[in-house]
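We will go from stop to stop, picking side chains and looking at what they meet.

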Amino acid sequence: MEALSVKTLDMYRGLRDKFLFSNDINSIYILLALYDLEENISSIYPKYMSKHDIKKKIKFVLTNRDDSEIISRSISDIIHEDINRLELCFYLEGYKHGYTNKKWTNILEKKALDLYGLEGIYKKTHLFHFNTSDQSINDMKKKCKREIDNKERIDRYIESLVYTFTNKIIKKKIVELDRYINKQLRMSFECNDIHIREEKHYLQEEEIDKVYFSIVKALIKKMKIIYKEAFWYAVNDKVLVMYY
């Protein structure tokens, strides 16, 4: 990644945080402009985690509750847009870092020239973005991802941002779950009397922790995948752009 001034990095982080924590859509467009990726916006397409995946994980940790279906569906609904925002953020950052990474651009360019030649690259609309039958490309992609994983083990950037985001944005929605659930009426018969009351769906502290950490664990795994895929796509795009 190219060297950036502290002031520039702070500006990038400020815009990123306004988008992540305040849902300021304008910030992400300004960030794209500063990243100088406007012309490559068509290449930016994160594969969002489905609500079904989130719901399934929550329901699993609440197996012993009769209302696990209602709770898991409600939580997945209320945090889905937040998670989409987090995924877009990591996709953009992975793409930016891949697009400006000279080492992997050079490695991939050399491989493309060896395989396709100069004229062949000019005719390509895609290089090695997706799965390929060429084992040497698969090995190269794995090596690229291992390098990112090794860096993440040292600086824990992805994990730290996921923890900060979930703690500030998602956890309070889990704690205050009953505010977000559509109230349902339950009828009961007691001593020949009919009682109608609203159903409450409160989580115990232990249950909150289980749900929260299951979501955090799933998000960290997903964000690492998104970041690495975006990085790889960006390196491929950068090589192609050099030959347009």
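Start by selecting K145 and E229: they form a salt bridge, with the closest N and O atoms 2.5 Å apart. A salt bridge here is a side-chain nitrogen of Lys or Arg within 4 Å of a carboxyl oxygen of Asp or Glu. The pair links distant parts of the chain, since K145 sits in helix α6 (residues 135-155) and E229 in helix α9, 84 residues apart. Helices are DSSP runs (H or I, at least four residues), numbered from the N terminus. E229 counts as buried, at 17% relative accessibility; buried means under 20% relative accessible area, exposed over 50%, and partly exposed in between (1.4 Å probe, protein chains only).

Before moving on, note that this is a predicted model, where local features need pLDDT of at least 70 and side-chain atom pairs count only at pLDDT 80 or more, while totals for chains, interfaces and linings use all residues. Residues are numbered from 1 along each chain as its sequence is written, and side-chain values use heavy atoms, with hydrogens and water left out.

Next, select K55 and E69, whose side chains meet in a salt bridge at 2.5 Å, N to O. Because K55 lies in helix α3 and E69 in helix α4 (residues 68-99), this pair ties together parts that are 14 residues apart in sequence.

Now for the rings. Select F21 and F165, an aromatic pair that is tilted, 5.8 Å centre to centre with 45° between the planes. Rings of Phe, Tyr and Trp (its six-membered ring) pair if their centres lie within 6.5 Å; planes under 30 degrees apart count as stacked, over 60 as edge-to-face and the rest as tilted. Is F165 buried or exposed? F165 is buried, with a relative accessible area of 0%, and F21 is partly exposed at 23%.

Then pick F130 and Y233, also a tilted pair, at 5.7 Å centre to centre and 55° between the planes. F130 is in the loop between α5 (102-123) and α6, and Y233 is in helix α9, 103 residues apart. Y233 is buried, at 4% relative accessible area, whereas F130 is partly exposed at 42%.

For a last stop, select Y91, Y95 and Y99, which form one aromatic cluster.

Notes: Helix = DSSP H or I, 4+ residues; strand = E, 2+ residues; numbered from the N terminus.
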